[in-house]
Amino acid sequence: MGAWIDNGTYITVPNVKWGLLYGVVTCNARAMGEFGAVSVVSGHIRGLTNTMPLYVEILYNEYDFSAAFAVASLLTLLALVTLILRRLLNRAGAAEFAGDREIDTKQQEAA
Amino acid sequence: MVDLPFALPTSVAGIALTAIYSENGWLGHLAAPLGIRIAFTPLGVVVALAFIGLPFVVRTVQPVLADMEVELEEAAATLGASRRQTFMRVIAPALMPAAITGFALAFARALGEYGSVVFISGNMPMRSEVVPLLIMTKLEEFDYQGAAAIAIVMLIVSFTMLLLINLLQRWSTTRDALG
């Protein structure tokens with residue numbers, strides 16, 4: 001049992017950490033922008049179960065365009081942060097993969 | 001930049017596209033003198049869905065295109081093919097499975113797209129309504145049976161699309177293995 005937990009925390013997670021983080025960031029982006037599903041389930045009650053994309057729609061329907069675009073700009077900013085994070089994580093993962101391969105070839109040469 | 005529609009919340013895409021393509025928007029005012037209205041018409045829905053679906057197609061076709069060897073085109077050229085023939089007879093057939101898969105993915109996404117379309121379509125009854133919006137309207141009218149009936153039809157279509165995409169992907173991988 002102990003080995004099982006150790007395997008998880010010391011071997012599996014460190015090996016997949018960049019991929020895992022990449023997945024978390026992507027998932028977060030989707031959740032942040034989700035519209036249809038949230039709209040149906042939450043009932044978008046203001047100040048209680050409203051999300052930013054739904055708030056954009058509410059403001060837009062009230063002809064409060066500047067407020068709607070302000071919220072939309074915030075969401076766009078978050079989307080750009082997501083894209084940058086994704087690129088960095090992708091690069092970090094690729095670099096580590098390349099590093100592993102280098103070590104492998106060196107070991108093979110030594111053998 | 002291609003991935004922007006993935007990360008961008010759909011309602012942001014919707015509100016921005018509506019602002020750009022409405023009659024006094026950046027692109028809308030160019031189309032207006034030609035008698036083309038984009039926002040609040042079915043054309044607007046097409047524009048929004050193309051924006052949402054584009055990254056699916058790009059991301060599926062791009063790796064295949066990048067893997068393609070230049071020698072293939074050069075061989076076609078030495079055999080006397082023109083640029084057009086090279087594209088039509090050599091490149092396009094090789095890209096076909098990936099392009100169709102990308103299209104199917106984009107189509108599946110477009111089927112359920114709600115956030116972006118709801119802004120740009122103007123939701124005119126029988127003219128620019130999309131199915132998810134119909135479900136929403138039924139729900140707001142407490143017509144749960146109607147909503148469920150539409151939802152089941154959509155569910156069947158979605159499952160069919162999923163099956164089709166899986167088959168297409170299998171087809172494209174076997175083609176890659178052969179080629």
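This is a predicted model: local features need pLDDT of at least 70, side-chain atom pairs count only at pLDDT 80 or more; totals for chains, interfaces and linings use all residues.
Reader: What is the confidence in chain A and chain B?
Author: pLDDT is the predictor's confidence in each residue, from 0 to 100. Chain A has a mean pLDDT of 83, with 95% of its residues at 70 or more. Chain B has a mean of 86, and 97% of its residues reach 70 or more. Within chain A, helix α1 (residues 2-33) is lowest, at a mean of 82, and α3(A) is highest, at 89. For the complex, the predictor gives an ipTM of 0.75 and a pTM of 0.79.

Reader: How many residues does each chain give to the contact?
Author: Chain B gives 17 residues and chain A gives 18 residues. Two residues are in contact if their C-beta atoms, placed from the backbone, lie within 7 Å.

Reader: Which elements of chain B give two or more residues to the side that touches chain A?
Author: They are α1 (4-7), α2 (10-21), α7 (117-120) and α8 (131-140) of chain B. α2(B) gives the most, with five residues. Helices here are DSSP runs (H or I, at least four residues), as strands are (E, at least two), numbered from the N terminus.

Reader: What is the make-up of that side of chain B by class?
Author: It has 12 nonpolar, four polar and one charged residues. Ala, Val, Leu, Ile, Met, Phe, Trp, Tyr, Cys and Pro count as nonpolar, Asp, Glu, Lys and Arg as charged, and the others, Gly among them, as polar.

Reader: Why is α3(A) called roughly parallel to α2(B)?
Author: Helix α3 (residues 52-61) of chain A packs on α2(B) at about 30°, with the axes 8 Å apart. Axes are lines fitted to C-alpha atoms, for helices over the stretch in contact, and angles run from 0 to 180 degrees between N-to-C directions. Angles under 35 degrees count as roughly parallel, over 145 as roughly antiparallel, 65 to 115 as roughly perpendicular and the rest as oblique. So α3(A) is roughly parallel to α2(B). Pro53(A), Val56(A), Glu57(A) and Tyr60(A) meet Thr10(B), Ser11(B), Val12(B) and Ile15(B).

Reader: What makes α2(B) oblique to α4(B)?
Author: The axes of α2(B) and helix α4 (residues 42-67) of chain B come within 11 Å and cross at roughly 135°. That angle therefore makes the pair oblique. Thr10(B), Ala13(B), Gly14(B), Leu17(B) and Tyr21(B) of α2(B) touch Gly44(B), Val47(B), Ala48(B), Phe51(B) and Ile52(B) of α4(B). By class, this contact has seven nonpolar, three polar and no charged residues.

Reader: Why is α4(B) called roughly antiparallel to α6(B)?
Author: The axes of α4(B) and helix α6 (residues 83-111) of chain B cross at roughly 155° and come within 8 Å. So the two helices count as roughly antiparallel. Their contact has 14 nonpolar, four polar and one charged residues.

Reader: What makes Ile15(B) count as buried?
Author: A residue is buried if 20 or more other C-beta atoms lie within 10 Å of its own, exposed if 12 or fewer, and partly exposed in between, with C-beta atoms placed from the backbone. Ile15(B) has 27 such neighbours, so it counts as buried. Ile15(B) sits in helix α2 of chain B. Leaving out residues up to four places away in sequence, Ile15(B) touches Val56(A), Tyr60(A), Ala68(A), Phe69(A), Ala72(A) and Phe119(B).

Reader: How do you know that Asp6(A) is exposed?
Author: Asp6(A) has 11 C-beta neighbours inside 10 Å, so it counts as exposed. Asp6(A) is in helix α1 of chain A.

Reader: What is the phi of Tyr63(A), and what is that of Phe142(B)?
Author: Phi of Tyr63(A) is near 60°, a positive value in a residue other than glycine. Phi of Phe142(B) is also near 60°. Most residues other than glycine have a negative phi. Tyr63(A) lies in the loop between α3 and α4 (65-110) of chain A, and Phe142(B) in the loop between α8 and α9 (144-178) of chain B.

Reader: Why are Tyr63(A) and Phe142(B) called exposed?
Author: Tyr63(A) has 8 other C-beta atoms within 10 Å, so it is exposed. Phe142(B) has 8 other C-beta atoms within 10 Å, and is therefore exposed.

Methods
Residues are numbered from 1 along each chain as its sequence is written. Chains are lettered from A and ligands numbered from 1 in the order in which they are written.
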